[in-house]
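Hello,

Here is the structure I promised to pass on. Please open it next to this message and follow along.

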Amino acid sequence: MSLKTIEKSLRFAVASDRKFHVQMTGGEPTLKPEIIEWTASRIRSIGRPATIAVQTNGTLLDRPLVKLFKKYDVQVGISMDGAPSVQKRLRGNAEATIRGIKLLSDANVEFRVTAVVTRDNVEQLRDLALFLAAFQTARGLGLDLLVLKGRAKASKSIRVSSEEALKDGIIRLVEALRLINKKRSVPIQFREWDRIKRLAAVGKTEQYCHACNAESLAVLPNGTLFPCGQTAGDPEFACGTVDAPNMSGMRALSGKTLRGDWCGACPLVAYCPDDCPGRLHYNDTKTRRLACIMYQTLWEVSQKDLQ
């Protein structure tokens, strides 16, 4: 992305007159550390309340980048689908990712991990939590269900999890995090579990999709706009360009529903998180059902905690 496009993109955030968040992702953003530094520096020079984040596979992290993150207070997200053996099998170059995580931890830089859940790692999610327990600056773990688009859709080897395996994997992950966090001064947060615990505590829905609320915008390197990263590149959700914005794609997203025939009997039906419409829009009923299984399982766990 050119610096000119980045500058125009930031104007959208500044125009909101609210605290804003900027996430740099890809592809792999650490291939261009000079762009990360320019963007972070520009945001801080604006003088408005803002948070900054980078989503990376961690393989290219080095001391200068880690120093940059600390200088500009950049939040770090690591894409990691499992403990080292799983990461090596699914993504490759696991040694480099682990080296990057160690650099962050040694420099006292907090990080969070996002895992894409598939048939091939759902039974080892617990092991990922146990791996993260070794790093004091690990702060969170989030799960993204596999999106059947792009390479995943074309692949014959990448498949979604079964309902039974997902439920079992979630329960084992929660159990592991409970044990881990008892021994940590700062817990490792489980994004989806925290969302459900908030619902259980207040007893009402929480709309967490910023795109559905017209509160987010994804900018591609060529300057084209979409409601969020999950919808990026889909003509149905196109929102024009940085030079000629058109928010019709945002309205298209807000009209999406993920509800199915099974919703009536669900204990969460009154205040369902509804997961991510941009992510699950592409998938069939089976995959949308998996989002329900994930949240229903976490709801059952939370209810037991309240009792």
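Lys88 is exposed, with a relative accessible area of 52%. That counts as exposed because the cut-off is over 50%. In this predicted model, Lys88 forms a salt bridge with Glu95. The closest N and O atoms of the two are 3.8 Å apart. Glu95 is partly exposed, at 46% relative accessible area.

**Salt bridges**

Why can such pairs form? Side chains of opposite charge can pair when their charged atoms come close. How many salt bridges does a search of the whole structure find? It finds 13.

Look next at Glu7 and Arg42. Their side chains meet in a salt bridge, at 2.8 Å from N to O. Glu7 sits in helix α1, residues 3–15, and Arg42 in helix α2, residues 33–46. The pair therefore ties together parts that are 35 residues apart in sequence. Arg42 is partly exposed, with a relative accessible area of 28%.

Helix α1 also holds Lys8. Lys8 forms a salt bridge with Asp243, and their closest N and O atoms are 2.5 Å apart. This pair links distant parts of the chain, 235 residues apart. Asp243 lies in the loop between β8 (225–226) and α10 (248–254). Are the two partners buried or exposed? Asp243 counts as exposed, at 57% relative accessibility. Lys8 is buried, at 19% relative accessible area. The cut-off explains that label, because buried means under 20%.

Some salt bridges share partners. They join Asp144, Arg191 and Glu192 into one network.

**Aromatic pairs**

Now for the rings. The count comes to 2 aromatic pairs. One of them is Phe111 with Phe135: the ring centres are 6.4 Å apart and the planes stand at 70 degrees, so the pair is edge-to-face. The cut-off for that label is over 60 degrees. Phe111 belongs to strand β4, residues 111–117. Phe135 is in the loop between α6 (125–132) and β5 (138–145). The two are 24 residues apart, and the pair links distant parts of the chain.

Phe131 and Phe135 also form an edge-to-face pair. Here the distance is 5.3 Å centre to centre, with 65 degrees between the planes. Phe111, Phe131 and Phe135 make up one aromatic cluster.

Where do these rings stand on burial? Both Phe111 and Phe135 are buried. Phe135 has a relative accessibility of 11%. Phe131 is buried too, with a relative accessible area of 15%.

**The second largest pocket**

Phe111 turns up again here, in the lining of the second largest pocket. That pocket has a volume of about 180 Å³. Its lining includes Phe69, Lys70, Asp73 and Arg112. Which element gives the most to the lining? It is β3, with 3 residues. α3 (63–71), β3 (74–79) and β4 each supply at least two residues. By type, the lining residues divide into 5 nonpolar, 2 polar and 4 charged.

**Cysteines**

One last check. The structure holds 0 disulfides. Cys228 counts as buried, at 15% relative accessibility. Cys292 is buried as well, with a relative accessible area of 15%.

Best wishes

Technical notes: Residues numbered from 1 in each chain as written. Predicted model: local features only at pLDDT ≥ 70, side-chain atom pairs only at ≥ 80, totals over all residues. Heavy atoms only, no water. Phe/Tyr/Trp six-rings, centres within 6.5 Å; stacked < 30°, edge-to-face > 60°. Helix = DSSP H or I, 4+ residues; strand = E, 2+ residues; numbered from the N terminus. Buried < 20%, exposed > 50% of the residue type's maximum accessible area, 1.4 Å probe, protein only. 1 Å grid on protein atoms, 1.4 Å probe; cavity = no way out; pocket = protein on both sides within 12 Å on 5 of 7 lines; lining within 4 Å. Points joined across faces, edges and corners; volume = space filled by probe spheres on them. Nonpolar A, V, L, I, M, F, W, Y, C, P; charged D, E, K, R; others polar. Disulfide = S-S within 2.5 Å. Salt bridge = Lys/Arg side-chain N within 4 Å of Asp/Glu carboxyl O.
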